[in-house]
Amino acid sequence: MEVFELRDYVVSQYREFSTGYTKILAEDINRFLKKEHANQRYWPAPLVQINPSFKPGATVEALAQNGTLHPECAQIFRFGKTKESPGHTLKLYTHQTEAIAIAKRKESYVLTTGTGSGKSLSYFIPIADAVMRAKERDKTPRTRAIIIYPMNALANSQMEELEKFLGDYDTPPVTYARYTGQEDSEERQRIASNPPDILLTNFMMLELLLVRQDEVDGAVIDNAKGLELLVLDELHTYRGRQGADVALLIRRVRERLNPGLLCIGTSATMATEGTQKERNRVVADVAGRLFGAKVKVENIITETLRRTTDDSLMINDIRDRLPE
């Protein structure tokens with residue numbers, strides 16, 4: 001196809017898509033849109049906005065040096081590292097630092113922060129710390145943490161995230177594997193025979209691991225006896241009937257593996273009414289129902305923002321920098 005014909009074809013297809021899915025009843029809006037379409041404007045201008053500026057916390061290296069984190073965390077959690085380059089230490093946000101401190105107290109918590117706030121690191125780092133410390137006490141191979149994702153696509157992307165931090169090791173200090181139903185029989189057998197420290201799965205597969213009379217599945221769940229941490233990513237997706245199913249599932253996990261299990265939840269905003277303390281109380285109540293254990297209100301972590309501009313400046317201070 002000739003390039004200009006291709007261009008006309010793509011535009012015509014997009015025109016049909018953008019003008020054919022709805023019927024405008026308001027005449028003034030309809031006239032405006034027809035005028036825009038006549039000028040071949042079928043999509044709005046791009047939206048450009050500033051991302052929230054999260055308040056910085058400690059670095060992973062500093063937390064490793066002061067004993068909050070296992071020393072190896074300083075080598076694992078580095079940005080831009082490869083087998084040839086050490087990269088540089090991760091600079092955490094305040095809410096991530098708070099999550100690490102609560103996990104250090106062996107208390108359950110929920111992190112409710114916006115997109116791009118590094119929610120996965122708020123549990124990857126505490127899990128890595130707990131796993132390495134536990135393996136120093138008992139080297140028996142077993143699964144010490146399970147992370148539940150609502151969709152396999154999320155589990156797949158988080159596998160890639162872990163690979164960024166642990167892929168440069170010949171023998172990783174923390175091992176991980178995905179068990180979501182996408183694996184072939186050989187991979188399932190490998191996981192059963194060599195239990196990873198961290199198991200990434202979904203709630204349906206975790207349910208099947210508990211009830212299915214399969215030798216391989218039975219070995220995978222038996223390898224998690226004494227489980228220390230259970231993470232529910234995207235906590236807000238578990239509501240209604242599905243939420244009740246997951247709540248019952250977690251109770252069975254507790255009974256089967258460890259009644260004193262520490263639970264972690266991450267979510268976007270879960271409550272919008274009332275003061276921050278009232279919203280946190282609602283989240284703590286919901287999390288407690290899901291986890292089957294009390295979650296302290298003070299263990300609901302929210303984002304802490306900082307201004308990107310100097311709020312001490314007045315209009316006269318910057319007037320000469322403004323365009324005419």
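Buried means under 20% relative accessible area, exposed over 50%, and partly exposed in between, with a 1.4 Å probe and protein chains only. The views below are of a predicted model, in which local features need pLDDT of at least 70 and side-chain atom pairs count only at pLDDT 80 or more, while totals for chains, interfaces and linings use all residues. Residues are numbered from 1 along each chain as its sequence is written, and side-chain values use heavy atoms, with hydrogens and water left out.

View 1. Helices (H or I, at least four residues) and strands (E, at least two) are DSSP runs, numbered from the N terminus. The C-alpha trace spans about 70 × 55 × 50 Å along its principal axes. Of the 324 residues, 40% count as buried. The accessible surface is about 19000 Å², and carbon and sulfur atoms hold 53% of that surface; accessible areas come from the Shrake-Rupley method with a 1.4 Å probe, and for residues only the protein chains shown count as cover. Contact means heavy atoms within 4.5 Å. Among contacts between residues at least 6 apart in sequence, 72% join residues at least 24 apart.

**View 2. The largest nonpolar core, made of 40 residues.** A nonpolar core is a set of buried Ala, Val, Leu, Ile, Met, Phe, Trp, Tyr and Cys residues joined through side-chain atoms within 4.5 Å. The members that touch the most other members are F77, Y123 and I127. Helix α6 (residues 121–137) contributes nine residues, the most to this core. Apart from this core lies another, of 37 residues, including L199, L232, V246 and V295.

**View 3. The surroundings of Y123.** Leaving aside residues up to four places away in sequence, Y123 touches Y109, I147, Y149, Q158, V231, D233, I264 and T266.

**View 4. The aromatic pair of F77 and F165.** Rings of Phe, Tyr and Trp (its six-membered ring) pair if their centres lie within 6.5 Å; planes under 30 degrees apart count as stacked, over 60 as edge-to-face and the rest as tilted. The count by this rule is four aromatic pairs. F77 and F165 form a tilted pair, with 5.2 Å centre to centre and 55 degrees between the planes. F77 lies in the loop between α4 (73–76) and β2 (78–79) and F165 in helix α7 (residues 152–166), so the pair ties together parts that are 88 residues apart in sequence. Both F77 and F165 are buried.

**View 5. The aromatic pair of F203 and Y238.** This pair is edge-to-face, with 5.8 Å centre to centre and 90 degrees between the planes. F203 sits in helix α9 (residues 203–211) and Y238 in the loop between β9 (229–232) and α11 (240–257), so that distant parts of the chain, 35 residues apart, are linked. F203 and Y238 are both buried.

View 6. From T171 to D310 the C-alpha to C-alpha distance is 47 Å, across 139 residues in sequence. K139 and Q213 are 28 Å apart, C-alpha to C-alpha, and 74 residues apart in sequence.
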